[in-house]
Amino acid sequence: MFSITVRDHIMIAHSFRGEVFGPAQRLHGATFLVDATFRREQLDEDNIVVDIGLATRELGAVTGELNYRNLDDESEFAGINTSTEFLAKVIADRLAERVHKGALGEGAKGLKSLSVTLHESHIAWASYERGL
């Protein structure tokens, strides 16, 4: 399997419900490095996985929808613990929608999967992988 990864970052604020979250139940900020990895079994006719420029642009568009937001104030996340794992899935699903709409070009039709990893710190991160 071949892959390429592009990177961006987001800065968000949020809080959690549930004792398991301890002090993170209070409003707090988080800065995540966001890695999006695109995979395919064979390279396309140009010998690439997908256009890195388009992948970078589309990841930036998706992260831009979340960046500098208090997720507690966003209606789409009402009543949801916006954990690192959950946000990785949100970003992956939004990227998948863009792939299916053709935003990553014709070459993206051969993609088999994508994964998104959110790095909370240098010692902790979470990922979500999905098929295309």
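Where does Asn 47 lie? Asn 47 sits in the loop between β2 and α1, and we will come back to this residue below.

## About the model

This is a predicted model, in which local features need pLDDT of at least 70, side-chain atom pairs count only at pLDDT 80 or more, and totals for chains, interfaces and linings use all residues. Residues are numbered from 1 along each chain as its sequence is written, and side-chain values use heavy atoms, with hydrogens and water left out.

## Overall layout

Let us start with the chain as a whole. The secondary structure of the protein chain comes to two helices and five strands, in the order β-β-α-β-α-β-β from the N terminus on. The radius of gyration is 16 Å, close to the 14 Å that the globule rule gives for 132 residues, so the protein chain is as compact as a globular protein of that length. That radius is taken over C-alpha atoms, and the globule rule is 2.2 Å times the number of residues to the power 0.38. Helices (H or I, at least four residues) and strands (E, at least two) are DSSP runs, numbered from the N terminus.

Along its principal axes, the C-alpha trace spans about 50 × 30 × 20 Å. Contacts here mean heavy atoms within 4.5 Å. Among contacts in the protein chain with a separation of 6 or more, 70% are accounted for by residues 24 or more positions apart.

## Surface and charge

Of the 132 residues of the protein chain, 39% count as buried. Buried means under 20% relative accessible area, exposed over 50%, and partly exposed in between (1.4 Å probe, protein chains only). The accessible surface of the protein chain comes to about 7,300 Å², and 50% of that belongs to carbon and sulfur atoms. Such areas come from the Shrake-Rupley method with a 1.4 Å probe, and for residues only the protein chains shown count as cover.

The protein chain carries 14 positive and 20 negative charges, and their mean positions are 2 Å apart. Lys and Arg count as positive and Asp and Glu as negative, while His and the chain ends are not counted. Each charge is placed at NZ of Lys, CZ of Arg, CG of Asp or CD of Glu.

## The nonpolar core

In soluble globular proteins, nonpolar side chains tend to be buried together. A nonpolar core is a set of buried Ala, Val, Leu, Ile, Met, Phe, Trp, Tyr and Cys residues joined through side-chain atoms within 4.5 Å. The largest one here has 31 residues, of which Phe 38, Val 50, Ile 91, Leu 95 and Val 116 touch the most other members. Two or more residues come from each of β1 (2-14), β2 (28-40), α1 (52-64), α2 (84-100) and β4 (113-119). Helix α2 gives the most to this core, with eight residues.

Leaving out residues up to four places away in sequence, Ile 91 touches Ile 10, Val 34, Leu 59, Val 62, Leu 66, Val 116 and Leu 118.

Asn 47 is exposed, with a relative accessible area of 58%.

Tyr 68, in the loop between α1 and β3 (69-70), is another residue other than glycine with a positive phi, near 60 degrees. Tyr 68 counts as exposed at 64% relative accessibility.

What about the helices? Thr 84, found in α2, counts as buried at 6% relative accessibility. Beyond residues up to four places away in sequence, Thr 84 touches Phe 32, Leu 118, Glu 120 and Ala 126. Gly 53 lies in α1 and is partly exposed, at 45%. Gly 53 and Leu 104 are 51 residues apart in sequence, yet 8.9 Å apart in space, C-alpha to C-alpha.
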